[in-house]
Amino acid sequence: MNTTISNSTLTVSIKHAGAELFSINNNNKEYIWEGNPDFWGKHSPILFPIVGTLKNNTYTIDGKEYQLPRHGFARDMEFQLIHKSENSATFSLASTTETLKKYPFEFELQLIYTIKDASLDIEYKVINKSDKKMPFSIGAHPAIALPENFENYAFEFEKEETLKYYLLENDLISNKTKVLETTHNTVPLNYSLFENDALIFKTLESKSLTILENSKPYLKVDFEDFPSLGLWTKEQAPFICIEPWLGYSDTAENSGDLFEKEGILVLDANETFHSKFSITIL
């Protein structure tokens with residue numbers, strides 16, 4: 001089942017499976033990757049209750065072991081549509097007996113999609129329904145369709161800064177870093193940038209990233225509430241993922257205790273967490 005919202009500028013469609021955004025259309029031009037499984041069969045999955053990969057796909061709470069797949073389970077679950085207007089839709093996922101076996105916390109996760117002019121706001125609301133503190137991470141993974149040659153595109157970061165990113169080894173964050181070279185905040189795209197998988201920035205001064213197409217603004221992602229960012233594509237794939245994150249993969253040195261995980265958020269009992277990012281067509 002799908003839900004569509006719109007205004008005079010954009011038409012946006014979301015699957016109830018995973019509450020996954022799969023279309024942002026402006027004047028019959030599609031900006032979200034089509035999900036061709038020959039490259040990558042997703043569009044814009046939600047990452048919860050972890051971002052990235054756990055060491056041995058395992059973590060502990062109070063000494064008890066649990067297992068979670070990469071990026072958690074929310075993207076593979078059916079959400080309920082709980083509110084709909086012409087330009088907004090809210091989806092909800094509540095903990096179940098099955099999720100409690102993998103993640104021993106009662107929660108509700110809401111995704112709120114709202115169109116404003118040429119922008120789509122995507123808000124995450126995490127509600128801790130447990131009577132104890134709840135550790136979690138949350139992140140976005142939108143794949144932006146690039147209809148022209150990949151090398152015709154570039155990233156333009158909001159600020160001039162040293163763009164230090166961490167390399168992955170066996171899907172975990174290593175201690176090895178590189179610096180993404182820029183010219184006037186701009187990085188031309190080429191597939192060799194991603195030959196070692198995603199570029200992972202633990203921190204950035206920039207809180208927005210613009211894609212340029214033939215040196216002209218194409219699309220912008222604003223992520224004020226997200227300290228970390230992942231950038232990723234696959235060899236010869238006609239898309240780029242711009243991924244605002246609160247959290248990231250384990251390191252090889254990680255203790256396994258989820259409360260001690262680097263980048264983890266901890267939400268008090270019966271409290272609610274909010275974060276929001278936006279995608280703007282330029």
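The sections below proceed from the whole chain to single residues.

## Basis of the description

The model is a predicted one, in which local features need pLDDT of at least 70 and side-chain atom pairs count only at pLDDT 80 or more, whereas totals for chains, interfaces and linings use all residues. Residues are numbered from 1 along each chain as its sequence is written, and side-chain values use heavy atoms, with hydrogens and water left out.

## Overall architecture

The protein chain contains one helix and 24 strands; these are DSSP runs numbered from the N terminus, with H or I and at least four residues for helices, and E and at least two residues for strands. Its radius of gyration is 18 Å, close to the 19 Å that the globule rule gives for 282 residues, so the chain is as compact as a globular protein of that length. The radius is taken over C-alpha atoms, and the rule is 2.2 Å times the number of residues to the power 0.38. Along the principal axes, the C-alpha atoms fill a box of roughly 55 × 45 × 35 Å.

Contacts (heavy atoms within 4.5 Å) between residues 24 or more positions apart make up 64% of those with a separation of 6 or more.

## Surface and charge

Of the 282 residues, 56% count as buried; buried means under 20% relative accessible area, exposed over 50%, and partly exposed in between, with a 1.4 Å probe and protein chains only. The accessible surface, from the Shrake-Rupley method with a 1.4 Å probe, comes to about 12400 Å², and 43% of it belongs to carbon and sulfur atoms.

There are 26 positive and 41 negative side chains, where Lys and Arg count as positive and Asp and Glu as negative, while His and the chain ends are not counted. The centres of the two sets lie 3 Å apart, with each charge placed at NZ of Lys, CZ of Arg, CG of Asp or CD of Glu.

## Nonpolar cores

A nonpolar core is a set of buried Ala, Val, Leu, Ile, Met, Phe, Trp, Tyr and Cys residues joined through side-chain atoms within 4.5 Å. The largest has 75 residues, and those with the most contacts inside it include Ile-24, Leu-109, Phe-155 and Ile-211. Strand S9 (residues 107–116) gives the most to this core, with five residues. Apart from it lies another core of 16 residues, among them Tyr-166, Ile-173, Cys-241 and Trp-245.

Beyond its neighbours up to four places away in sequence, Ile-211 touches residues including Ile-144, Phe-155, Tyr-218 and Ile-242.

## Buried loop residues

Thr-251 lies in the loop between strand S22 (239–246) and strand S23 (265–267). Thr-251 counts as buried at 12% relative accessibility, and its contacts outside four places in sequence are Lys-55, Leu-172, Ile-173 and Glu-262.

Glu-20, in the loop between strand S2 (11–15) and strand S3 (21–26), is buried with a relative accessible area of 8%. Among its contacts beyond four places in sequence are Lys-15, Lys-42, His-43 and Tyr-113. Glu-20 and Pro-142 are 122 residues apart in sequence and 9.2 Å apart in space, C-alpha to C-alpha.

## Backbone features

Most residues other than glycine have a negative phi, and most peptide bonds are trans. A cis peptide bond, with omega about 5°, joins Phe-48 and Pro-49. Pro-49 is in the loop between strand S4 (29–30) and strand S5 (58–61).

Asn-57 also lies in the loop between S4 and S5; its phi is positive, near 55°, and the residue is partly exposed at 36% relative accessible area. His-184 has a positive phi near 55° and is found in the loop between strand S16 (172–180) and strand S17 (186–188). With a relative accessible area of 67%, His-184 is exposed.
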